[in-house]
Amino acid sequence: MNVAVRKAATQVDAGALKQRAAQLRGKIIDMSHAAQAAHLASSLSCADVLTAAYWHVLNINPEQPKDPLRDRFILSKGHAAAALYAVLAMKGYFPIAELETYCQDGGRLAEHPPANLLPGVEAATGSLGHGLPLGLGMALSGRIKGEAFRVFALLSDGENNEGSVWEAAMFGAAQKLENVCVIIDYNKWQATARSNETLMLAPLREKWAAFGWDAHEIDGHDVGALAEAMQNIPNGSGKPVALIAHTVKGKGVSFMEDDNNWHYRAPTAEEVVKSHKELGLT
Amino acid sequence: MRNAFADELTKLGDQDSRIVMLSGDIGNRLFDKFKAKHPARFFNCGVAEANMMGVAAGMAMNGLRPVAYTITPFVTTRCLEQIRTDVCYHEAPVTIVAVGAGLAYSGLGPTHHACEDISFLRSIPNMVVIAPGDAFEVRAALQASMKQDRPVYIRMGKKGEPVVHKGPIADFAIGKAITITEGKDVCLLSTGNMLPEVIEAAHKLGEKGISAQVVSFHTVKPLDEAYLKQAFGKFKLVATIEEHSLIGGFGAAVSEWLSDSKTPNQNFIRFGTPDAFFKKSGEQEYAREMLGLSAHQIADKIILALH
């Protein structure tokens, strides 16, 4: 595939995407168990966004991870690294077997995505509030060089606490960066508390709209709707787009859903089996 | 220095279409020529330095050569994490240019002073730290930084400082100190905008029969270790002079080198700002006098140390 040619909007196969999302969740749970690593629930809540992006929307070629014309996807909520690693391995950026090295000594898959180390990782994130400014710089470099790629940045809701997010929001709007799309994984929890009881995010869509973005609320687990909304960037509004994706932290596994203990907890072997059963993977 | 920077940037921008200028809402009219010639490559990023630095890193990661510019504390400590994580961790070739370093903007008060920036920035991996001694060194440093494939920090004074070099510096190299005047007794290693003051101190020493070598040690990181080795071997006294805190600055870097290289350091003294905010109003000359950094004070202390 020549990535220089913009992929035309194509029919979304929601059924296939759903199946892919379930497989992705299974991988993430396996990795969390093997490494006993944190941030499982945060990874599960954005699994559908990543599925829609990587299996339908993004104009990418894993064999040419540095193609200057590729769409950029920045996991600004870098603590969901396990989800990104699983996606990149499933897409063929590196062998699936390498997922077993997640958080292991000497590996490339640290708890947050590294810089200039792993193919497909566009930016090293983990400190919140960095991904969007980086993405805006990438989008402007595309404008300057005449490269019409798009930039997608996935932010957590807690990440909206960071002032740099709002600096970037105002800058992106002033620059009319209509090829930029922010997706906010609005799972209503941050690390240790309810998001809106920590810093008042609500009304979040209206905030982004007031900051000059074409802002929409969307079901963050409706892979079909996510794929439709993201593939239409730029959408003709002349503004950067913000998708406020309503999600459930720990989505896909009944005993993890909306239970913030799973921000830090890792599953036992027994819980892994139960999770896979619920996801229809066994 | 800042006018030389804007002029040189415009010239470089004419030749190199990768160069992009990012300003933190500063430099009123300073970049008019650049803006007129390259409107698509000039961005006033507003008073939002964290975002500006992240944007610069994103551009650099995609093949451009952004220059991020504003007053020293705002383009260093205000957005230090963006410099560390976005720029340096990604090895993004961003050139950070700071105006008003040290006490150049003394009159504006401690919010605008910058006597800690070298300390912070030189401790970050992948970063180059340059403090040019005059307008020609600013031009040369900017040219050299555009040829680098890595982050560079250029720490400038303000405008109207005495020009030391007679013209463009043909053999300027990052990490290579420049001997301004040869001397026999004492070696004065100056970094940044202290250079004219140090030259005056050398004159005062000359009047007392002391022959001083004056060096523009424009690059603090990487250190010109060969120059240090030669200087500490040859001179009765070596001094570092900077408009920066004694903690973590140029003199501290030389101290670290002395210790690590097991070089005897009995003949070493450091001039810099104390571990305190300078709260009084007054211009740079007054501040230097109060902090023991004016030419006659430097000369007096050198004489004392020699005897």
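The model is predicted, and local features need pLDDT of at least 70, side-chain atom pairs count only at pLDDT 80 or more, while totals for chains, interfaces and linings use all residues. Residues are numbered from 1 along each chain as its sequence is written, with chains lettered from A and ligands numbered from 1 in the order in which they are written.

Begin with the open sheet of chain B, where five strands follow the order 7-9-8-11-12 with mixed pairing; strands (E, at least two residues) and helices (H or I, at least four) are DSSP runs numbered from the N terminus, and two strands pair if DSSP finds at least two bridges between them. Select strand 7 (178-181) and strand 12 (268-273) of chain B, which stand at the edges with a single partner strand each, so one side of each lacks a neighbour in the sheet.

Then show helix 10 (residues 250-260) of chain B, which lies across strand 11 (237-245) and strand 12 of chain B and runs at about 135° to strand 11 of chain B. Such angles run from 0 to 180 degrees between N-to-C directions, with axes fitted to C-alpha atoms, for helices over the stretch in contact.

Finally, turn to the interface, where 25 residues of chain B are in contact with 18 residues of chain A, contact meaning that C-beta atoms, placed from the backbone, lie within 7 Å. The largest share of the side of chain B that touches chain A, eight residues, comes from helix 3 of chain B.

Methods
Contact = placed C-beta atoms within 7 Å.
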